[in-house]
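Please look over the structure shown here. The paragraphs after it take the chains in turn, then the contact between them, then a few single residues.

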Amino acid sequence: MDDLLRMRRADFWTSLIFFGIAAGMIGSAMTMPLKESFAGVQNAWYVSPALLPLMIAAGLLILATTLLCNAIRTGGAAAALASLGRWAEASRDATVRMLVSIAIIAGYVFGLIPRVDYVIATALFLQVFIAAFYVGRKEIMRLQTASFLLLVAPAFLADLLGVYPSPGTAPRYALDLIVLLIAFGLGLVTWRRLAPDPIGRRRFAITTTVSIVVALLTSVSFKFGLLVPLPAEGPVVRAMETVAIALRKLGA
Amino acid sequence: MDLVGQFSIFFGTIVALLSNPYNWVLLVVSMVLGIVFGALPGLTATLGVALLTTLTYGLPLNSAMISLLAMYVGAVYGGSYSSILINIPGTAAAAATALDGYPMALKGEGGRALGLTTTASFIGTILGTLALAATAPLIAQLALQFTSYEFFLLAFFGIVISGSLTANDLFYKSWIAGLLGLTLACVGRDNLQSYPRFTMGFSALEGGIEVVPVLIGAFGIPQIIKTMRDPLRVDKPQEVRKILPDWGTIARQFKNVVRSALIGIGIGAVPGVGEDVAAWVSYGTAKNTSRHPERFGTGEPAGVVACETANNACIGGALIPLLTLGIPGSPPAAMLLGALLIHGVNPGPNLPFERPGFLIEVTAIMLLCSAAMWVCGMLLCRQVIKVLRAPSEVFLPIVGVLCVIGSYAIGLNVVNLYLMVLVGVAAFFLIEMEYPIAPLVIGVILGPMADENLRRALMVSQGSFLPFFTRPVSVILLLTIVLVMLNQVPTYRQWQSGLFRRVRRRPTAA
């Protein structure tokens, strides 16, 4: 399939998404005060908070229709419907790399950052993200990504269900330490798997060093340099605070 | 104020800035960081300014501006390093530089090419700064006549024109991107009645969408995903011997330099159109006006000089609409707008009254940045080249961490991070489908201005749209918007070129 047809096929799907967004906007805008009074003020249509959203939605509807018509005219719609249920392209190397990148970034932000100690979360994220691509072996990419997602998905779900321990409690610290142990274990397994590959091992050593150094450097510069509290502060950040207080006392 | 008075304030500002040793350190460190960001393929000037925004929000305004502008100037210039030495542009702005820069390096003239780009970038930045100093007060004065009608149209104009030169596929994809940006801008309590719009019951969204995380997401995340998906295989950089400014060649290229700078300034002043377009247009013009166009692409110094003068002159041009109208001229300028808002500076026609002297301060900082760029470029070039060997698979995840912690640091709100990732992933897919991202970002930035001024204007006219068609500036803006939109429609362009052909043929037939 040539690039232009692939683009028109994507246009077909995106036009449907834009229809959905426009319809959602119109539906929500119709619930906003149009002529009714709001907060004790009698409204007029031209000061209504729905005015701009309705204009945007109308514009989006027109342009989505144009996009859809063009996709139908150029064969994009037919190609889109014909490809329903087929995931042939998903097996392509570039697509896998793209999906792995998105999954790791999303896992870090949605799963780790709000819950796990910043230093541990960041070191684990960097180890997984760099090793998956830099070591240059597909089985390492699979191992790192799968382990990472298996770790972050339950954390995310537990928080969603409201059963994840609150910040500053002993169970939360324990979970932070468990994540640290898993990161360590994942590192060891990867190191063993790379035994026959000296270049891979050297690259993994660089990965681990960079992960730890960057996690520590960013946490120190934001927490103690810019005085910005970190998203989640667990045992490692607390240990750093203790060291900082001790250093300040020594200096005084 | 007379010219002498303004010059004395200008030089007084430079002396005041330089009297603080901390500013010297910031200037040099940010400049070197900027050059490294520009030189490394996969990192961009916009991303550099974005990440530095989060690190400088605790600094005083003038120190933060030194840091951010040094990063901007350095990154636009630094892109030429990898273009010349490894034939991979460090930034899109330096893509045209590779056409003649790399052949020069292959001929053993890498040092000369780098010297030329450093000097041309220096001159380009200075000329862009002069244009900023000369035109910004006039535009700000003119913009004072604007009322809600004009401000609404101005916001609309910014969104429409930012996509006019950046859409590669269907012309209306840039309009869709602009509308999506406006949609995001509508989220949260509206400014006039404080009614919660599209918050879906989440209290975190009631304050509206934070601009900086959206910008970091839109510019940073797609860059990371794209580079990890298609990793860059960097060859060993070409050898560089002596790096000299080569003033002789620059002097012989005087016309080319001035023309390229004017192109850069003009394109920079067009909202949302960045340094890359300036470099390509100026390269094409230099080739078309050269006596030896056949030499272009084979290591012609004029090609390198044209691109590098234009892309750095574009910086000054991009700051003109940013500071006078509050509309960013380029993607890094959009990021700079976010940084200014964080520091409590509201760019626009009221800026000279709210912060008198700020424009002169920015001009002085730009001058310092161009000088620092030239010195760092000449002295640290060899050290920066070593950075080109860093693998993108290692530094892009680090950029990911900086995007995350930077977005969090702005409002200490995890929701900003969720927003950053969602916007980033959506922006990645939109870019893949050839939707330009500049109109989306400008839509997010200008959305509140459009919303507030449209309703205020209609309130004044009691719901009548007539003043939009009777006020002179409104009519000019409306006509410009219509012309820009029509100019993007292929049918109109065909009709227009057919009309021109007929007009040209008529005198010959007579």
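**Two chains and their contact**

Chain A exposes about 12400 Å², and carbon and sulfur atoms supply 71% of it. Accessible areas come from the Shrake-Rupley method with a 1.4 Å probe, and for residues only the protein chains shown count as cover. The model is predicted: local features need pLDDT of at least 70, side-chain atom pairs count only at pLDDT 80 or more, and totals for chains, interfaces and linings use all residues. Residues are numbered from 1 along each chain as its sequence is written, chains are lettered from A and ligands numbered from 1 in the order in which they are written, and side-chain values use heavy atoms, with hydrogens and water left out.

Chain A has nine helices and two strands. Helices (H or I, at least four residues) and strands (E, at least two) are DSSP runs, numbered from the N terminus. Along the sequence, the pattern of chain A reads α-β-β-α-α-α-α-α-α-α-α. Its radius of gyration is 25 Å, well over the 18 Å that the globule rule gives for 252 residues, so chain A is more spread out than a compact globule. The radius is taken over C-alpha atoms, and the globule rule is 2.2 Å times the number of residues to the power 0.38. Along the principal axes, the C-alpha atoms of chain A fill a box of roughly 65 × 60 × 35 Å.

Of the 252 residues in chain A, 46% are buried. Buried means under 20% relative accessible area, exposed means over 50%, and partly exposed lies in between (1.4 Å probe, protein chains only). Among contacts in chain A between residues at least 6 apart in sequence, 69% join residues at least 24 apart; a contact means heavy atoms within 4.5 Å. Chain A has 22 positive and 13 negative charges, and their mean positions are 5 Å apart. Lys and Arg count as positive and Asp and Glu as negative, while His and the chain ends are not counted. The place of a charge is NZ of Lys, CZ of Arg, CG of Asp or CD of Glu.

Chain B comes to 22 helices and two strands. The radius of gyration of chain B is 23 Å, close to the 24 Å that the globule rule gives for 510 residues, so chain B is as compact as a globular protein of that length. Its C-alpha atoms fill a box of roughly 75 × 70 × 55 Å along the principal axes. In chain B, 61% of the 510 residues are buried. Of the contacts in chain B with a separation of 6 or more, 79% are between residues 24 or more positions apart. The accessible surface of chain B is about 19300 Å², with 66% belonging to carbon and sulfur atoms. For the 30 positive and 24 negative charges of chain B, the mean positions are 9 Å apart.

The area buried between chain A and chain B is about 5400 Å², and carbon and sulfur atoms give 82% of it. A:Tyr46, A:Leu52 and A:Leu63 supply 11% of the area that chain A buries against chain B, more than any other three residues. Buried area is the accessible area (1.4 Å probe) that two parts lose on being put together, summed over both.

Now to single residues. A:Arg201 lies in helix α8 (residues 198-225) of chain A and is partly exposed, with a relative accessible area of 23%. Not counting residues up to four places away in sequence, A:Arg201 touches A:Trp191, A:Arg192, A:Leu194 and A:Ala195.

Is B:Val399 buried or exposed? B:Val399 is buried, with a relative accessible area of 4%, and belongs to helix α17 (residues 392-411) of chain B. Its C-alpha atom is separated by 9.2 Å from that of B:Ile221, 178 residues apart along the chain. Leaving aside neighbours within four places in sequence, B:Val399 is in contact with B:Leu43, B:Leu47, B:Leu51 and B:Ile224.

Most residues other than glycine have a negative phi. B:Ser194, which is not a glycine, has a positive phi of about 60 degrees. B:Ser194 sits in the loop between β1 (188-189) and β2 (196-197) of chain B and counts as partly exposed at 36% relative accessibility.
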